[in-house]
Amino acid sequence: MSIKRSLTSVPVKLGSLMMLFFLLLGTQVFAANPEVSDSEEAISAGKSIFNANCRSCHRLDQKNVGPALRGVTDRHSIDWTKSFIRNSQALIASGDAEAVAIYNEYNQLVMPNHEFLSDDDLMNLLAYIEYGDKADASAAAAGEGGAVAAGGAGVPSEYLTIILGVLVVVLLLILVVLGLIISVLTRYLKSQPLEEDDKAFIEQKFEFKKILRSDAFLVIVTALVIALVAKTALDELYTVGIQQGYAPKQPIAFSHALHAGQYEIECQYCHTGVEIGKSANIPSANICMNCHMHIQNVGGKDGISPEIAKIYAAVDNNQPIEWVRVHNLPDLSYFNHAQHVAVGGIECQTCHGPIEEMEVVYQHSSLTMGWCIDCHRQTDIRADGNEYYDKLVQLHSGSKNALKVKDIGGLECAKCHY
């Protein structure tokens, strides 16, 4: 029995294989050690340990200051991994080939010891490293994250200037058209038989000086000058106390674009009070030294960076770094970071703008009373999984509209002024 083969069958199969090859090209597939738990509890606990101890230098799926960590239990044994995490220098000093190779590959940066971590802590950490955050949820978080508050309810000053400019151009065009119409009508009437009074009216000369000396012209000019002065004065009054765009020079050229952007260090790592207190806390030199006792320059350069040397000098002399405050609210206003960040789930960028892109930090938002009220009017309460709002959600269940900050007292004067 003969089997007929299509001439196109081979190309189709080759095409499928090539497609599969290109889909898998560049993809690293790791098989985690079966001893590592994939339970949600272990992954969640491991994430907390990772963020507190590892995130400033490591990422799961890409190189950072240190190597990408996902698949570490496939590349090394669990016992070796635990030993390296607890005391990498001891393992390197013992002459372990793998530890020495990693140490040399990453410019001989010294990894801090983590001997305080228990076996359970390390297994939870490995659970997060192998199974945590595989789906990139950053896009969803951007869509569902904290509210993006408007800068104000009115029309921006730049738009008003454009609108006024367009109106002036339109008025000039209307005057030109009217002038052409008058010119055409005048020529037509001159060609017609008219009485003497009508001829005198048509042939009268246009005297610009009379218009300049007329009472009507003086009234119009005076009104325009008064309106312009009043608008300028009001604009200046509205800017009193507003420091939008303020970017003072700091004693150390600290780059948020490098730390929060490139290295993705969490804001809470340096600003420790943001989830537990009214203020976010300006970081002390001790926090800087957690990393910079090992990192002395940027991008693996030789020597000590002049800016990092300032941190060492502050520690050696037991002197605080005199950071200049950027965001200042008036004394009559009360703002609590913990209430907004820990309870409300508001992202730092909602108020501070794209902080992870700033080489020099500046005040991004106006932070005026109107700006805050607009935010309270527009922001939906993120009540899912937050027991703090359970009772309020129950009371609001009869409404068809989403529960917003304004519905739970966000517009009451005493919330911010008392």
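Guide: Leaving aside neighbours within four places in sequence, S255 is in contact (heavy atoms within 4.5 Å) with M358 and E359.

Visitor: What should I know before reading on?

Guide: This is a predicted model: local features need pLDDT of at least 70, side-chain atom pairs count only at pLDDT 80 or more, and totals for chains, interfaces and linings use all residues. Residues are numbered from 1 along each chain as its sequence is written, and side-chain values use heavy atoms, with hydrogens and water left out.

Visitor: Where is S255 found?

Guide: Look to the helices on either side (DSSP runs of H or I, at least four residues, numbered from the N terminus). S255 sits in the loop between α12 (215-238) and α13 (256-262).

Visitor: Is S255 buried or exposed?

Guide: Check the relative accessible area: under 20% is buried, over 50% exposed, and in between partly exposed (1.4 Å probe, protein chains only). S255 has 8%, so it is buried.

Visitor: Which backbone nitrogen lies 3.0 Å from a polar atom of the S255 side chain?

Guide: That of L258. The backbone nitrogen of A257 lies 3.3 Å from a polar atom of the S255 side chain.

Visitor: How many aromatic pairs does a search of the whole structure find?

Guide: Four. Rings of Phe, Tyr and Trp (its six-membered ring) pair if their centres lie within 6.5 Å; planes under 30 degrees apart are stacked, over 60 edge-to-face, the rest tilted. Take F50 and Y128: their ring centres are 5.2 Å apart and the planes stand at 50°, so this pair is tilted.

Visitor: Why does the pair of F50 and Y128 tie together separate parts?

Guide: F50 belongs to helix α2 (residues 40-53) and Y128 to helix α7 (residues 119-131), so the pair links parts 78 residues apart in sequence. F50 is buried, at 2% relative accessible area. Y128 is buried too, at 2%.

Visitor: What kind of pair do F254 and W323 form?

Guide: An edge-to-face one, with 6.4 Å centre to centre and 85° between the planes. F254 is in the loop between α12 and α13, and W323 in the loop between α16 (306-316) and α17 (337-343), so this pair ties together parts 69 residues apart in sequence. F254 is partly exposed, at 28% relative accessibility.

Visitor: Which residues does P283 touch, not counting those up to four places away in sequence?

Guide: C270, H271 and W323. P283 lies in the loop between α14 (267-270) and α15 (285-292). At 16% relative accessibility, P283 counts as buried. P283 and H271 are twelve residues apart in sequence, and 5.9 Å apart in space, C-alpha to C-alpha.

Conventions. Helices (H or I, at least four residues) and strands (E, at least two) are DSSP runs, numbered from the N terminus. A polar contact is a pair of N or O atoms within 3.5 Å; within protein, one must be able to donate a hydrogen and the other to accept it, and residues adjacent in sequence count only if both atoms are side-chain atoms.
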